[in-house]
Amino acid sequence: MKNDKIKNQYRINEQIRVREVRIVSDDGSTVVPVRQALDMARAEGVDLVEISPNAKPPVCRLIDYSKFLYQQKKRAKELKAKQVKVEVKEIRFGPQTDEHDYQFKLKHAKEFLEDGNKVRAYVFFRGRSILFKEQGEVLLLRFANDLEEFGKVEHMPSLEGKKMFIYLAPKKAGAVKKSQQALDREKRALEERESKAVKPDVEEAESDDEVMPSNGGLLANAKISADALKKLTGED
C-alpha cells in the first residue's frame with residue numbers, strides 16, 4: 001500500500017499530457033515539447049518522469065522509473081530515521097517512598113529528560129493510603145522542583161482514580177542552567193555535611209520543626225519553598 005502511494009504520486013511517459021516540459025539533468029535544464037522529451041527517453045532506454053507537475057512548464061527527468069522509485073523510498077526512510085521520536089517515560093512512586101528510592105528514580109528521570117523524552121510521574125495510592133494524597137502531591141512537587149534544570153512542568157499534580165500524576169517535558173538543548181535556588185540548596189547540603197564531620201556528637205535537631213520522622217519517609221524532606229511553588233505554577 002505504501003509503495004503504491006509513492007508510485008501513484010508521479011506521472012510517467014504517455015501519462016504526461018502537456019504541450020512542453022522542462023527536462024532537468026546534472027548538466028542543467030532545457031524546455032522541449034513533450035513529444036520530443038518522450039523520444040529522448042526512448043532513445044536512452046529510460047522513462048520520462050514528471051517530478052514537479054505544478055511548475056510551468058512541468059519539470060521532468062529522464063530516468064529509469066524503478067530506480068527513481070527506489071531513490072524516493074530510500075530518501076523517505078532516511079528522513080523518517082532522522083525524526084526525533086519523543087517517548088513518554090513513567091516514574092512510579094508510593095506515598096511513603098523512602099529517600100534512597102526517590103534519588104534512584106530522580107536519576108532516571110534526569111536521564112530521560114536529557115535524552116529528549118517526556119516524563120510522567122505518579123504516586124499510586126493503595127487502599128487507605130489515599131488518605132495521604134497531600135503527601136503524594138508534595139512529593140511530586142519536590143520531584144518537579146528537583147528536575148527544574150532538566151524539564152518544565154506541563155501539567156501540575158492531579159488525582160485520577162488512585163493515581164496522582166505530574167507531567168514534565170524536556171527543556172531545549174543548551175537551556176539547562178542551575179537556578180539560584182538549586183545553588184543555595186547545594187550550598188546548604190555541603191554546609192550540613194561539613195557540620196556533621198566536625199561535630200559528629202551534636203544532635204542534628206533541637207526543635208520540633210527540625211526532627212526527622214523515624215519511618216524514613218519523604219514528608220519532612222519534601223518541603224517546597226513558596227518561591228519554588230510559584231515558579232512551578234507560573235505565578236508572579
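**View 1. Glu-160 and Lys-163 face each other across a strand pair.** Glu-160 sits opposite Lys-163 of β8. This is a predicted model, so to speak: local features need pLDDT of at least 70, side-chain atom pairs count only at pLDDT 80 or more, and totals for chains, interfaces and linings use all residues. Residues are numbered from 1 along each chain as its sequence is written, and side-chain values use heavy atoms, leaving out hydrogens and water. β7 and β8 (residues 163–170) pair antiparallel over seven bridges; two strands count as paired if DSSP finds at least two bridges between them.

**View 2. Four strands make an open sheet.** The order is β5-β6-β8-β7, and the pairing is mixed. At the edges are β5 (88–93) and β7 (151–160), each pairing on one side only. Neighbouring strands are turned by 20° against each other on average, direction ignored. Strands here are DSSP runs of E, at least two residues, and helices are runs of H or I, at least four, numbered from the N terminus.

**View 3. Helices α4 and α5 lie across the sheet strands.** α4 (residues 99–114) lies across β5, β6 (118–124), β7 and β8, at about 170° to β5. α5 lies across β5, β6, β7 and β8 too, at about 10° to β8. Axes are lines fitted to C-alpha atoms, for helices over the stretch in contact (heavy atoms within 4.5 Å), and angles run from 0 to 180 degrees between N-to-C directions.

View 4. Ten of its 14 residues are buried, so α5 is largely enclosed by the rest of the structure. Buried means under 20% relative accessible area (1.4 Å probe, protein chains only). Among them are Leu-139, Arg-142 and Phe-143.

Terms used:
Buried means under 20% relative accessible area, exposed over 50%, partly exposed in between (1.4 Å probe, protein chains only).
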